[in-house]
Amino acid sequence: MANVLILGAGYAGLRAAKLLAKHASQLTITIVNDHPYHYESTQLHEVAVGNKEPADITFSLRASLPDNVNLVVDTVTKIDRDQQRVELAHHDPLPYDYLINSLGFESETFGIPGAEENALPLIDIDTAVAARKHLEETLAHFSQSQDPDDLRIIVCGAGFTSIEYLGELVHRLPKLIDQYHLPADQIKIDCIEAMPKVLPMFSQDLADYAVHYLESHGVTFHTSTPITQIDPGVVHSKDTSYTAHTIIWTTGVQGSHVIADSGYAQKRNRVMVQDDLTVKDHPNEYIIGDVSAVPDPASGRLYPTTAQIAIAQADTAAHNIRAQVSGRTPSKFTFHSLGTVCSLGPTSGVAEINMLGHWKFKGVIVGPLKKLVNDRSVLELANVRTMLESN
Ligand code: NAD
């Protein structure tokens, strides 16, 4: 029996475990994850604003994994590639014949002074809950302090997570204004972006739609404004400083630090994999999801790290391990993006879909579309019952 060890139960790891479990007569399958649950990282911004509870976007790993997949709840500290074993914080090291490394992402501060200490990242359930608590406590504090900065919110970056967070925030704001008796005209939301364009992955008309939608709900964008430092309650760029008591840090992600700690050749903790998703000279080691770097042959640039590509990579890795165990040749990874959806709160958004042609959508039609995408990912990873429960 070949021993397959999967690290991380995000989109990539969980999908690989479920696929391999269908062929468990030849395999022993173990998945290690630092929490006993999977969370929908594409919906963290909804928890961070308070439009959803953590339970709405998490599901139990043991309940959703097939019985023939072993689950170890622990933190991976290092991959000992010479000994073919994985070191854990609390258990003995786990050996492997085949490794699927899908350890996922962490916040990226790009070394900007004060970003880690003075801004709130959105990377997992704990940070999303902390951001919500901070936002609500800060707004509530205004009634005592009368400090205008209690009513100011700065979102750093104008990529996917920032825009989806802002969309949820402006949707919830009227309820927060009512709840804490806030002066609506004094609330100030700034979004500060280094590049000239907001949502660069969308065509200009859709990016403009998102900007106008958010501006009409009170958001001010500052583009071509790289953040250089964050002090408590102050975001600095080269020429200006902005003050706020809530600072959200959504300027991009890097792969897990375990990648660098384990001695891989890497950039921002992402490893350039071969075309079958293995690591050079390690044909039994697959790296998938946000810890992998895969060039798009069409553009020559790296594919962005999305749930969609993580799930597609898991399909290839699981297929290839089955092929190797049966003495067949592994396949190359190919990817056709089905498109991209960016929500603007629960009822609006922008989307570019690549199915039977290329389609652009904006406005209320994207609300149900995004819900369909979320339901589909829960369905692929867990089961129908979980999907129904998450509604
Ligand atoms: P991102 O890369 O999409 O956006 C980060 C933004 O922050 C960029 O526009 C960047 O220019 C800006 N930035 C970086 N440094 C800055 C600085 N010093 N000052 C000001 N701005 C700065 O990153 P994200 O939004 O964190 O998303 C992470 C990954 O997850 C991405 O690959 C994204 O595609 C994916 N994601 C996808 C979805 C979806 O498909 N709906 C949703 C969320 C995230």
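This is a short tour of the structure, stop by stop.

**The whole chain**

Start with everything shown. The model is predicted. Look for eleven helices and 26 strands. The radius of gyration is 22 Å, close to the 21 Å that the globule rule gives for 391 residues, so the chain is as compact as a globular protein of that length. Turn the view around. Along its principal axes, the C-alpha trace spans about 70 × 50 × 40 Å. Of the 391 residues, 52% count as buried. Residues 24 or more positions apart account for 64% of them.

**Stop 1: two helices, H1 and H9**

Select residues 11-21, helix H1, and residues 307-325, helix H9. The two helices pack at an angle of about 35 degrees, and their axes are 8 Å apart. Their crossing is right-handed. Which residues of H1 and H9 make the contact? On the H1 side, show Tyr11, Ala12, Arg15, Ala16, Leu19 and Leu20. On the H9 side, show Ala307, Ala310, Ile311, Ala314, Asp315, Ala318, Ile321 and Arg322. Colour these residues by type. Eleven are nonpolar, none is polar and three are charged.

**Stop 2: Glu46**

Move to helix H2, residues 44-49, and pick Glu46. Is Glu46 buried or exposed? Its relative accessibility is 9%, so Glu46 counts as buried; the cut-off for buried is under 20%. Show the side chain of Lys52 as well. A polar contact of 3.1 Å joins the side chains of Glu46 and Lys52. Leaving out residues up to four places away in sequence, Glu46 touches Asn51, Lys52 and Glu168.

**Stop 3: Asp80**

Next, select strand E6, residues 76-80, and find Asp80 there. Asp80 is buried, with a relative accessible area of 18%. Which backbone nitrogens does the side chain of Asp80 reach? One belongs to Asp82, at 3.3 Å. Another belongs to Gln83, and it lies 3.1 Å from a polar atom of the Asp80 side chain. Now widen the selection. Not counting residues up to four places away in sequence, Asp80 touches Arg85, Glu87 and Tyr96.

**Stop 4: Asp149**

Go to the loop between helix H5 (125-145) and strand E12 (152-156), where Asp149 is found. Asp149 has a relative accessibility of 14%, so this residue counts as buried. Setting aside neighbours within four places in sequence, Asp149 is in contact with Thr243, Ala244 and His245. Then draw a C-alpha to C-alpha distance from Asp149 to Glu168. The two are 19 residues apart in sequence and 21 Å apart in space.

**Stop 5: two backbone angles**

Most residues other than glycine have a negative phi. Here are two with a positive value.

Select Phe110, in the loop between strand E10 (105-107) and helix H4 (115-118). Its phi is near 55 degrees. Phe110 counts as partly exposed, at 45% relative accessibility.

Finish at Leu199, in the loop between strand E13 (188-192) and helix H7 (204-216). What is the phi of Leu199? The value is about 45 degrees, positive although Leu199 is not a glycine. At 0% relative accessibility, Leu199 counts as buried.

Technical notes. Residues are numbered from 1 along each chain as its sequence is written. This is a predicted model: local features need pLDDT of at least 70, side-chain atom pairs count only at pLDDT 80 or more; totals for chains, interfaces and linings use all residues. Side-chain values use heavy atoms; hydrogens and water are left out. Axes are lines fitted to C-alpha atoms, for helices over the stretch in contact, and angles run from 0 to 180 degrees between N-to-C directions. Helices (H or I, at least four residues) and strands (E, at least two) are DSSP runs, numbered from the N terminus. A crossing is left-handed if the near helix is turned anticlockwise from the far one by less than a right angle, and right-handed if clockwise. Contact means heavy atoms within 4.5 Å. Ala, Val, Leu, Ile, Met, Phe, Trp, Tyr, Cys and Pro count as nonpolar, Asp, Glu, Lys and Arg as charged, and the others, Gly among them, as polar. Buried means under 20% relative accessible area, exposed over 50%, partly exposed in between (1.4 Å probe, protein chains only). A polar contact is a pair of N or O atoms within 3.5 Å; within protein, one must be able to donate a hydrogen and the other to accept it, and residues adjacent in sequence count only if both atoms are side-chain atoms. The radius of gyration is taken over C-alpha atoms; the globule rule is 2.2 Å times the number of residues to the power 0.38.
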